Every structure is written in C-alpha cells, then in structure tokens.
Amino acid sequence: MGKREEVRRRTFAEILDTAGRMAEAEGWQAVTIRRIAAEIGYSAPVIYQHFPSKEAVLRTLLERANADLLERMQTAVADGPASQGPYSAAAAYLQFARSQPGPYQLVSGGAGTGIDASTRRAAAAEVLAFTRRIVRAWAAETRAGPVDLDDACDLLWGTLHGLAGIGSIEDVGFDRALHLAEQAVTALLGYWSAPPADPHGHRPFTDHPKVRGEK
C-alpha cells in the first residue's frame with residue numbers, strides 16, 4: 001500500500017470514528033461535516049473528498065452497525081441448537097443496543113439520524129435474511145406449523161425494538177429488557193407452534209400480500 005493510500009484510509013476511518021464519538025456525546029443531530037473537520041484538524045473540503053455529505057457518513061456508519069449486529073447474532077446462534085436460535089438472536093440484538101447506543105440509533109431510526117426507513121431496511125437486508133433463516137431452522141427442528149417468515153421476522157424485530165426502548169430507560173434497564181425478551185420470544189414461538197383457531201375458517205398463515213412495516 002502506498003503512502004497516499006494509507007493516508008486516505010486513515011483519514012476515512014478517522015472521519016467515521018469522530019462522527020461516532022460526536023453522536024455518542026451529543027446525539028446524531030450534532031454531527032456535521034464542519035464539526036468533523038474541526039475535530040480532526042482538517043478543512044471541510046478534505047472531508048468532502050471522502051464523503052459528499054453528512055448523509056453519506058451516516059449511511060457508511062449504518063452499514064457498519066448492521067455488520068456488527070449481524071456478526072453478534074451469528075456468533076450467538078452458532079453453537080446452539082436451532083430451537084434456541086430465536087432466543088440467542090434476541091439476546092444478541094439487545095446486547096448490541098445496550099453496548100452500542102449510537103450505532104443502534106442509526107439502525108433503529110432514532111432522533112436526529114435523518115435516515116429514511118427504506119434506506120435502513122436496505123442496509124439491514126443481511127440481518128433480516130439471517131433472522132428468517134433462524135426462524136426457518138427453529139420451525140424445522142421443532143416441527144412447528146406453517147410459519148409466514150415475513151410476519152415472523154417483522155414481529156420479532158418489532159418486539160425487540162420495543163424492548164430496546166424499554167432497556168434504555170434508566171430506572172428499567174437492559175437486564176429487565178433481556179428478561180422480558182425471553183418471555184416475549186416464548187410467546188411468539190408458542191403462537192407459531194400452535195396457531196389459534198380462526199372462527200371464520202381462515203388459515204392463520206397465508207401467502208396473501210400484506211403491508212410490510214419497518215424494522
């Protein structure tokens with residue numbers, strides 16, 4: 001690697017690290033190109049050589065956050081039985097939210113991030129695909145009834161997002177959120193294992209088109 005390329009990579013990483021620290025301290029709304037430049041001792045045009053806008057900085061950090069979350073979930077699930085996969089993945093998600101509050105705000109669309117839902121969902125594509133595989137493996141091992149994987153994935157993500165919000169409340173905390181997550185996942189798995197009877201005679205899981213919610 002040449003010296004110029006080494007400097008370019010170091011500056012690229014420094015920009016991202018600085019933006020992350022700034023967000024942790026003051027929130028994502030405080031992150032601007034000018035402030036990043038001032039913090040690392042460069043002019044704004046130098047930052048623009050690497051990122052055309054603040055949004056580009058945030059999108060890169062969003063991609064990194066999702067990669068981190070995916071790795072944590074994969075590690076948590078790797079050595080356990082498929083029947084425990086959803087539980088392990090849920091715990092990994094909440095531990096990510098607990099230990100990486102700034103990146104989690106990007107992933108979940110927190111205040112001041114300014115990243116739209118479609119961009120966030122696209123960035124989370126591999127995480128969502130892994131979640132589907134976890135649920136599919138759970139269903140196969142436990143011989144659950146037909147499971148609509150889209151519904152299962154959205155329900156699991158929606159539940160965990162809510163629990164992460166509970167965990168961030170100081171007088172509640174993530175220990176409580178993790179405890180509740182075990183109960184919530186048990187309830188969801190119980191529903192998919194034994195769907196309630198429909199008084200109208202409809203199948204509880206169908207392939208009909210539906211409105212997809214955001215993560």
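Biologist: Hi! At roughly what angle do the axes of helix 9 and helix 10 cross?

Modeller: Hello! This is a predicted model, and in it the two axes cross at roughly 160° and come within 9 Å. Helix 9 covers residues 149-167, while helix 10 covers residues 174-193.

Biologist: And is helix 9 roughly parallel or antiparallel to helix 10?

Modeller: Roughly antiparallel, because of that crossing angle. Helix 9 passes helix 10 in a right-handed crossing.

Biologist: Which residues make the contact?

Modeller: From helix 9 you have Ala152, Leu155, Leu156, Thr159, Leu163, Ala164, Ile166 and Gly167. Helix 10 brings Phe174, Ala177, Leu180, Ala181, Ala184, Val185, Leu188 and Trp192.

Biologist: How many of those are nonpolar, polar or charged?

Modeller: In the contact of helix 9 with helix 10 there are 14 nonpolar residues, two polar ones and no charged ones.

Biologist: Let me step back a bit. How many helices and strands does the chain have?

Modeller: Ten helices and zero strands. Along the sequence the pattern reads α-α-α-α-α-α-α-α-α-α.

Biologist: What percentage of the residues count as buried?

Modeller: The chain has 215 residues, and 39% of them count as buried. As for contacts between residues at least 6 apart in sequence, 67% join residues at least 24 apart.

Biologist: Back to helix 9, then. At what angle does helix 8 pack with helix 9?

Modeller: Helix 8, residues 125-142, packs with helix 9 at an angle of about 110°, and their axes are 9 Å apart. With that angle, helix 8 counts as roughly perpendicular to helix 9. The crossing of this pair is right-handed.

Biologist: Which residues meet there?

Modeller: On the helix 8 side, look for Val127, Leu128, Thr131, Arg132, Val135 and Arg136. They meet Leu149, Asp150, Ala152, Cys153, Leu156 and Trp157 in helix 9. The residues of this contact divide into eight nonpolar, one polar and three charged.

Biologist: What sits in the loop between helix 8 and helix 9?

Modeller: Arg143 is found in that loop. Arg143 has a positive phi of about 60°, although it is not a glycine.

Biologist: Is Arg143 buried or exposed?

Modeller: Arg143 counts as exposed, because its relative accessibility is 78%.

Biologist: Okay, new pair. How do the axes of helix 4 and helix 8 cross?

Modeller: They cross at roughly 20° and come within 9 Å. That angle makes helix 4 roughly parallel to helix 8. Their crossing is left-handed.

Biologist: Which residues make that contact?

Modeller: Helix 4 gives Asn66, Leu69, Leu70, Met73, Gln74 and Val77, and helix 8 gives Glu126, Val127, Phe130, Thr131 and Ile134. Sorted by kind, the contact of helix 4 with helix 8 has seven nonpolar residues, three polar and one charged.

Biologist: What about the largest nonpolar core? Which members touch the most others?

Modeller: That core has 61 residues, and the ones touching the most other members are Ile36, Val57, Met73, Tyr93, Leu94, Val147 and Trp192. Helix 4, residues 54-78, supplies the largest share of this core, with ten residues.

Biologist: Pick Val57 for me. What does Val57 touch?

Modeller: Setting aside residues up to four places away in sequence, Val57 touches Ile15, Leu16, Ala19, Ile33 and Phe51.

Biologist: And Thr18, where does that lie?

Modeller: Thr18 lies in helix 1, which spans residues 3-26. Apart from its neighbours within four places in sequence, Thr18 is in contact with Ile36, Glu39 and Ile40.

Biologist: Why does Thr18 count as buried?

Modeller: Because its relative accessibility is 2%, and buried means under 20%.

Biologist: What does Ser88 touch?

Modeller: Ser88 touches Ala76 and Val77, leaving out residues up to four places away in sequence.

Technical notes: Residues are numbered from 1 along each chain as its sequence is written. This is a predicted model: local features need pLDDT of at least 70, side-chain atom pairs count only at pLDDT 80 or more; totals for chains, interfaces and linings use all residues. Side-chain values use heavy atoms; hydrogens and water are left out. Helices (H or I, at least four residues) and strands (E, at least two) are DSSP runs, numbered from the N terminus. Buried means under 20% relative accessible area, exposed over 50%, partly exposed in between (1.4 Å probe, protein chains only). Contact means heavy atoms within 4.5 Å. Axes are lines fitted to C-alpha atoms, for helices over the stretch in contact, and angles run from 0 to 180 degrees between N-to-C directions. Angles under 35 degrees count as roughly parallel, over 145 as roughly antiparallel, 65 to 115 as roughly perpendicular and the rest as oblique. A crossing is left-handed if the near helix is turned anticlockwise from the far one by less than a right angle, and right-handed if clockwise. Ala, Val, Leu, Ile, Met, Phe, Trp, Tyr, Cys and Pro count as nonpolar, Asp, Glu, Lys and Arg as charged, and the others, Gly among them, as polar. A nonpolar core is a set of buried Ala, Val, Leu, Ile, Met, Phe, Trp, Tyr and Cys residues joined through side-chain atoms within 4.5 Å.
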